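Here is a short report on one structure. Keep the sequence and the 3D view open while you read.

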Amino acid sequence: MTGLTLGAFPHFIYQPIWVTVMFIAMIIWRIMAIRHMWPLPTKRLSSLKVLHLSIAGIAFLLLFISYGNLIGRDAGVALLTVMLGLKVVEIRNHRDYYISCFLGYFLVVTNFFYSQNIPTALLMFVVVVIMTASLISLNDGKKSLSNKGLIKLASQMLLQAIPLMLLLFVLFPRIPGPLWGLPQDAHSGTTGIDDSMTLGKISQLILSDEIAFRVKFDGNIPSPSQLYWRGAVLWQTDGTTWTELNNRNLMSSRPTFTTRGDEYAYITTLEPHNKRWLFALDFPSEQPSTPSSHYTYDGQLRSIKPINQRQQVRLKSHTQYRLNPNKDDYIDAALKLPEGMHPLTKQLAQLWSKQTTDPMQLVDKALTYFNQNAFYYTLRPPTLIGDTIDSFLFESRRGFCEHYAASFTVLMRAAGVPARIVTGYLGGEINPVDDFLVVRQRDAHAWVEVWVQGQGWLRVDPTSAVSRQRIEQGMSSIMPEGFNTPLFMANSRNLIDLWQQIRNNWDALDNAWNQGVLAYGPELQKEFLQKLGMTKPDWQTMALWLAIGFAVISLIISFYLFYHLPKRDPVAKLYYVFCKKAARAGFVRPKQQGPLDFSILLKQQFPHLNKQIDHITSLYIDLHYGKKSALISDLDRAIKRFKFTPTRT
Amino acid sequence: MTQYFSQLYQKINTFRGRRVFIVPTRFGFIYGGFLILILLGAINYSNSLGHILCFLLASMGWVAMHHSYRNVAKVELINGYADPVYAGQAIHFNLVFENRSHSISYQILLASKQTKSQSWNLFKRWGGFEHDYIIARLNSVEKTTVNYRIPSSRRGYQLLGQLRVSSQFPLGLYNTWSYFNSDAKALIYPMAQGELPLPKSSDYGDQITDPNQKGNDDFSGLNNYRSGDPLRAIAWKALARDDVLRIKQFTGYQGGQLMLSWNDVVELAGTEARLSQLCKWVLQADEAGLDYGLSLPNTSIKYGHGDSHRHHCLTALALYQNE
């Protein structure tokens, strides 16, 4: 029962509160029945039976109301929890017991849909031990094992099972999923960049400390101000919300681009975000081999399938590039502005465009405008009233990357320069423990690209005109010191550093777990087995090695179970230490020689040690052959202190 | 030809030692089904921890198999004996088990089958076991005597027969069992019943009758106790006085010689009823402290008294035409 509760525990966090309450109430009912003889619903106590049934009925009704149906991940898990709770009260015979045990295992599995981190895994082991112990107690009808004994035996079995488990994990041929359709909500609840941008949306992400992806560079790492991780490209706007250009042709055709300068090769491990972007370093020069992906005309690198599980992508990028330098088919879309909106902004832009028509100069003008006026970079911008762009540019002047990107784009378009917004991530932190660059949700960013004939799309980051720090030192420099540190630690510099160190170590461990264990699928298995020296890791070879491994481990287990080494007598062990000391001094005890004879021999050689040798010998004889009146600790002390010092001459 | 093969089979068996069978129980199969479900789920969602849990549980099942085997394989039946009982009473077999492994064996289930069937059909050999008894634990490297009760059937020798030692410990996923063909046997006396009164001693002419020694209750003195003397003759008062066990001697005793004869019970229908009556008489005579003998058509036992004499007589009755 403890096992069941522990197994269900993680679910309490995201389940409706009444499911939790019901489950715990049922468990308490059962415990009370065992401890205090509370009645349970049986045939005889029909009123309780009715109560039990009506609880069940209400629970199912509530489930149906809150989820709409009973199929799907969340509803399914809640249903399982409810059923298990109801079953616990009903357990009467062996069969019920087994079924609730197996349901409990199922509940553990369903945990993994929500989280697969290390604590969950450890919890799983604990639950398995407890469930095993309860199965053992079920089969120990006369209760000849104590609770401690049960847990001990169960843990022993678990430890013996672990090598086999590892073998299976490594060698069991992995089949790429899914085998059948997943429920709609299978991957909900993931955070990340969206395919549209409404002012104020990214700043919610900024407060999230979740990891978006991790990057391992093969060689050198570009400077932080170059770490633009490219996500969505937003063209269209209705004045407040920016969206992608929904054009099939644009989405499926390849841009023309040239790259220059250093090539950066790296492996990105994307956390599931349920969208298609691979967040390549701006700009990816090659398509990755896995997952299958494609370029879009506006320079996105998109996976064919949504990234709904952790995914490794091997990528190559150049930070210097030209994108569609001579011609862009969709240039009109990059000039469109909604009719009759942002009058003040348009006015300002038209003023500039009268002064110059050179796009670069117009960009400079806008950047200078941001820089010279009292614009502030803040995570908590005031709510904008009325025309968002106008009120931001001329009234509040407090905003975030998305405010700057949006208003800059409007300015450019109004001035006649093709411009679009790119969202993604900027920067990231190197974890010194494993040298992975960790990009978190709070590194989400939005910037602008303007198109210049002959140079193509050029990246302009208006945020840099306001806050250079954000661009060059990353998000954490913007955050107040001690951000994400527990409150009690936030006052001391040392504690903050310590906390950071712990976090780094934990992140590295978590990363190793993700990279090695959770990402272990068909591809990684192949790779790993090839590294182990298997030339052709197909399922036949795996099955063969699996069989061999199984045989070997089974042999070891049976050997362990059947042939225990006889326990050595502690007294004999101590005396053996003494003999070894003597042997080191040059006197090996012949096997057939008794301890007394040996002591006489030793005393002849070391007359000054007479007393000690006699003491040890008499203690040993007493403990080993005699009345056992002496204490083993005395012998232990005497032998440990004893040294065969050479004779003083 | 068949003989050749059966000899070969036995040869192989002696080489292999005692065979231990192990088969998954119903729950074992359900467990397997659950594992497959979990595996399918894990594959479908490409869930690594799901794989791990599935593999862990599978390995646990595998390890449980070894534990289950270990629990039974090293349990040996060393010896078995039982005191005689009367037909209809339960036989208490004292079975001595030795657990030769270095760990404790738990929850060993004993069951026995009286008739040995050597059918070629293995399934048939598995059935027919009854009289379950659970040994909660057998300590490691130790001998344990177990009191195993089976009902007695009819008089004569009753073999313990084939004994099945099985266990589902630890997880109940496997049933492990092994057979012992014990030659332990119990002697079953006939049931002591019958309505006929105990024949009078005087009915027999060969009795020495002395008019001075009529009454059984005439106290004649104290003798030292010999094993076999009836308990109710013990002089408890004398014992309290000087701690020496003596029995009271009554004058009636010496003359109480009684031959229990088959001829006296011929009026009863059937051999069993006659033997039962004789059995009851033996017990009555023993109780009364008489010197009695037994005369059966094929054997006769001379006068005597005491436990071993009674056992001798009852054995003769038990084995009458039944050897």
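This is a predicted model: local features need pLDDT of at least 70, side-chain atom pairs count only at pLDDT 80 or more; totals for chains, interfaces and linings use all residues.

Residues are numbered from 1 along each chain as its sequence is written, while chains are lettered from A and ligands numbered from 1 in the order in which they are written.

## Where the chains meet

In chain A, 49 residues are in contact with 41 residues of chain B. Contact means that the C-beta atoms of two residues, placed from the backbone, lie within 7 Å. Five helices of chain A each supply at least two residues of the side that touches chain B: helix 5 (94-114), helix 6 (118-139), helix 7 (147-171), helix 17 (493-518) and helix 19 (539-562). Helices (H or I, at least four residues) and strands (E, at least two) are DSSP runs, numbered from the N terminus. That side of chain A has 34 nonpolar, 13 polar and two charged residues. Here Ala, Val, Leu, Ile, Met, Phe, Trp, Tyr, Cys and Pro count as nonpolar, Asp, Glu, Lys and Arg as charged, and the others, Gly among them, as polar.

P170(B) sits in the loop between strand 8 (156-167) and strand 9 (174-189) of chain B. Which residues does P170(B) contact, leaving aside neighbours within four places in sequence? They are I136(A), N139(A) and L153(A), plus A64(B), H67(B) and S68(B). P170(B) counts as buried because 29 C-beta neighbours lie inside 10 Å. The cut-offs are 20 or more other C-beta atoms within 10 Å for buried, 12 or fewer for exposed, and in between for partly exposed, with C-beta atoms placed from the backbone. Y69(B) is 101 residues from P170(B) in sequence, yet their C-alpha atoms are 10.0 Å apart.

Most residues other than glycine have a negative phi, and most peptide bonds are trans. The table lists exceptions.

| Site | Feature | Value |
|---|---|---|
| D282(A) to F283(A) | cis peptide bond | omega near 15° |
| F169(B) to P170(B) | cis peptide bond | omega about 5° |
| R397(A) | positive phi, not glycine | phi near 55° |
| Q107(B) | positive phi, not glycine | phi about 50° |

F283(A) lies in the loop between strand 7 (280-281) and strand 8 (293-295) of chain A. R397(A) is in the loop between helix 12 (388-396) and strand 12 (398-399) of chain A. It is partly exposed, with 19 other C-beta atoms within 10 Å. Q107(B) belongs to strand 5 (residues 105-113) of chain B. It counts as buried, with 24 C-beta neighbours inside 10 Å.

## Nonpolar cores

A nonpolar core is a set of buried Ala, Val, Leu, Ile, Met, Phe, Trp, Tyr and Cys residues joined through C-beta atoms within 7 Å. The largest one has 73 residues, and A405(A), L411(A), M412(A) and I421(A) touch the most other members. Helix 13 (residues 401-414) of chain A gives this core its largest share, nine residues. Beyond residues up to four places away in sequence, L411(A) touches T345(A), L348(A), A349(A) and A366(A). A second, separate core of 67 residues includes V19(A), L135(A), L561(A) and A58(B).

## Helix pairs

Two packed helices are described by the angle between their axes and the distance between the axes. Axes are lines fitted to C-alpha atoms, for helices over the stretch in contact, and angles run from 0 to 180 degrees between N-to-C directions.

Helix 10 (residues 343-355) and helix 12 of chain A pack at about 65°, with axes 7 Å apart. P343(A), L344(A) and T345(A) of helix 10 meet I389(A), D390(A), L393(A) and F394(A) of helix 12. This contact has five nonpolar, one polar and one charged residues.

Helix 7 and helix 19 of chain A pack at about 175°, with axes 10 Å apart. They are therefore roughly antiparallel (angles over 145 degrees). Helix 7 brings residues including Q160(A) and L171(A), and helix 19 brings residues including W545(A) and G549(A). The contact holds nine nonpolar, two polar and no charged residues.

Three strands of chain A form an open sheet in the order 1-5-4, with antiparallel pairing. Strands pair if DSSP finds at least two bridges between them. Strand 1 (196-198) and strand 4 (236-237) stand at the edges, each with a single partner strand, so one side of each lacks a neighbour in the sheet. Three bridges join strand 1 to strand 5 (residues 241-243) of chain A. One bridge pairs S196(A) with T243(A).

Notes:
Angles under 35 degrees count as roughly parallel, over 145 as roughly antiparallel, 65 to 115 as roughly perpendicular and the rest as oblique.
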